[in-house]
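Please keep the structure open beside the text as you read the points in turn.

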Amino acid sequence: MNAADNYQFETSRKDLAAGILKQAGLDLRRFHGGTSAVEREFYLDAYRWVMSDDCSWPFSFLNVCQLLKLSPEILRQDLLDDASLGLFGYLSRRCARAAQSLQNFSNRVFTKNRRSSGADPVPLTHAY
């Protein structure tokens with residue numbers, strides 16, 4: 001396998017792992033309060049996968065976390081917290097995280113720009 005093939009293989013594995021993780025999160029949220037047998041089974045299947053410490057399957061929860069460089073303990077807690085919030089709570093939490101990320105990014109950009117200018121702005125004086 002050459003370098004390009006290896007890169008494509010790793011990218012595909014990570015994309016698949018991310019997709020599996022995303023689907024588990026969706027199933028936990030969507031079917032958390034499920035009333036039918038099918039809905040409960042979807043929820044329990046996702047719940048068991050997230051809670052499992054089995055590493056024998058290539059895309060087990062722990063192997064997915066390792067591949068994506070995520071902490072299993074923190075991710076488990078986040079997924080279960082998100083599932084218990086319901087749709088409105090989940091979306092509110094996501095919006096709050098996005099707003100915090102944007103604020104952190106803005107702070108870094110503006111702080112960096114102030115430091116790199118090297119000089120304080122000179123106040124403008126009007127000559128009348």
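1. Let us begin with Asn 63, which sits in helix 3, residues 61-68. Helices here are DSSP runs of H or I with at least four residues, strands are E runs of at least two, and both are numbered from the N terminus. Asn 63 has 19% relative accessibility, so it counts as buried. Buried means under 20% relative accessible area, exposed means over 50%, and partly exposed is in between, with a 1.4 Å probe and protein chains only. Setting aside neighbours within four places in sequence, Asn 63 is in contact with Cys 55, Trp 57 and Pro 58. A contact means heavy atoms within 4.5 Å.

2. A word on the source: this is a predicted model, in which local features need pLDDT of at least 70 and side-chain atom pairs count only at pLDDT 80 or more, while totals for chains, interfaces and linings use all residues. Residues are numbered from 1 along each chain as its sequence is written, and side-chain values use heavy atoms, with hydrogens and water left out.

3. How confident is the predictor in the chain? The mean pLDDT is 84, and 78% of the residues reach 70 or more. That score gives the predictor's confidence in each residue, from 0 to 100. Confidence is highest in helix 3, at 97, and lowest in helix 4 (residues 72-117), at a mean of 76.

4. Now the overall plan. The chain has 4 helices and 0 strands, which reads along the sequence as α-α-α-α. Of its 128 residues, 23% count as buried. Among the contacts with a separation of 6 or more, 45% come from residues 24 or more positions apart. The chain exposes about 9800 Å², and carbon and sulfur atoms supply 59% of that area. The areas come from the Shrake-Rupley method with a 1.4 Å probe; for residues, only the protein chains shown count as cover.

5. Back to the helix of Asn 63. Which residues of helix 3 are buried? They are Phe 61, Leu 62, Asn 63, Val 64, Cys 65 and Leu 67. Because 6 of its 8 residues are buried, helix 3 is largely enclosed by the rest of the structure. Just after helix 3, Lys 69 takes a positive phi of about 60°.

6. Helix 2 (residues 37-51) has 15 residues and reaches 21 Å from its first C-alpha to its last, close to the 21 Å expected at 1.5 Å a residue. The expected span is 1.5 Å times one less than the number of residues. The buried residues to look for in helix 2 are Tyr 43, Ala 46, Trp 49 and Val 50. They cover an arc of only 130° around the axis, so they lie on the same side of helix 2. The arc is that of the directions from the helix axis to the C-beta atoms.

7. Do look at Phe 59, in the loop between helix 2 and helix 3. Phe 59 is buried, with a relative accessible area of 15%. Leaving out neighbours within four places in sequence, Phe 59 is in contact with Arg 13, Leu 16, Ala 17, Ile 20, Trp 49 and Val 64. The C-alpha atoms of Phe 59 and Leu 21 are separated by 9.4 Å, although these residues are 38 residues apart along the chain.

8. Finally, the charged pairs. Side chains of opposite charge can pair when their charged atoms come close. A salt bridge here is a side-chain nitrogen of Lys or Arg within 4 Å of a carboxyl oxygen of Asp or Glu, and by this rule the count comes to 3.

9. Arg 13 is partly exposed at 30% relative accessible area, and Glu 10 is partly exposed at 26%.

10. Another salt bridge pairs Glu 41 with Arg 48, where the closest N and O atoms are 3.7 Å apart. Glu 41 is partly exposed at 43%, as is Arg 48 at 47%.

11. Asp 53 forms a salt bridge with Arg 76, the closest N and O atoms being 2.8 Å apart. This pair links distant parts of the chain, 23 residues apart: Asp 53 is in the loop between helix 2 and helix 3, and Arg 76 is in helix 4. Asp 53 is exposed at 56% relative accessible area, whereas Arg 76 is buried at 13%.
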